[in-house]
Amino acid sequence: QVQLVESGGGLVQPGGSLRLSCAASGSIFSIYTMAWYRQAPGKQRELVASITSDMRRNYVDAVKGRFTTSRDNAKNTVSLQMTSLKPEDTAVYLCNADVKTTARAPIRGYWGQGTQVTVSS
């Protein structure tokens, strides 16, 4: 019903930058909070950044001052601008969105397939 597709991952040197994008499509009535998570090998999935429909943002302490999330409500997209990347930022980054598919449907969370970010020299 709802698909989230991430793009923009890749290999970058320490100190470099990457921009991730996520586009939501399908049967969408409204989207509430959109968020970026990451999961490194052997570690639990971690919330990196979130942004509400009225543009309130939250970040995990480890990325504050380095990552910025933004969204375009008209296009149902969210992005994550990552700067000053560190090797410990290496992970699969996943997009998440809380979506209502109709006016009467409950809010449900949807996930993208993830995009790999590798920070290495």
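The stops below cover a disulfide and then the salt bridges.

**Before starting.** This is a predicted model, in which local features need pLDDT of at least 70 and side-chain atom pairs count only at pLDDT 80 or more, while totals for chains, interfaces and linings use all residues. Residues are numbered from 1 along each chain as its sequence is written, and side-chain values use heavy atoms, with hydrogens and water left out.

**Stop 1: the disulfide.** Select Cys22 and Cys95, which are joined by a disulfide with an S to S distance of 2.1 Å. The criterion is a pair of cysteine sulfur atoms within 2.5 Å, and the count by this rule is 1 disulfide. About the S-S bond the angle is -80°, and the link of Cys22 and Cys95 is left-handed. Cys22 belongs to strand S3 (residues 18-26) and Cys95 to strand S9, so the pair ties together parts that are 73 residues apart in sequence. Strands (E, at least two residues) are DSSP runs, numbered from the N terminus.

Are these two cysteines buried or exposed? Cys22 is buried at a relative accessible area of 1%, and Cys95 is buried at 0%. The classes are buried under 20% relative accessible area, exposed over 50%, and partly exposed in between, with a 1.4 Å probe and protein chains only.

**Stop 2: Arg38 and its partners.** Next, select Arg38, which is buried at 6% relative accessibility. Which side chain meets Arg38 in a salt bridge at 2.8 Å, N to O? That side chain is Glu46, a partly exposed residue at 29% relative accessibility. A salt bridge here is a side-chain nitrogen of Lys or Arg within 4 Å of a carboxyl oxygen of Asp or Glu.

Asp89 is buried, with a relative accessible area of 1%.

**Stop 3: Arg56 and Asp54.** Now select Arg56 and Asp54, whose side chains meet in a salt bridge at 3.2 Å, N to O. Arg56 is exposed at 53% relative accessibility, and Asp54 is partly exposed at 49%.

**Stop 4: the network.** Finally, select Arg38, Glu46, Arg66 and Asp89 together; salt bridges that share partners join these residues into one network. The structure as a whole holds 5 salt bridges.

Definitions and conventions:
Helix = DSSP H or I, 4+ residues; strand = E, 2+ residues; numbered from the N terminus.
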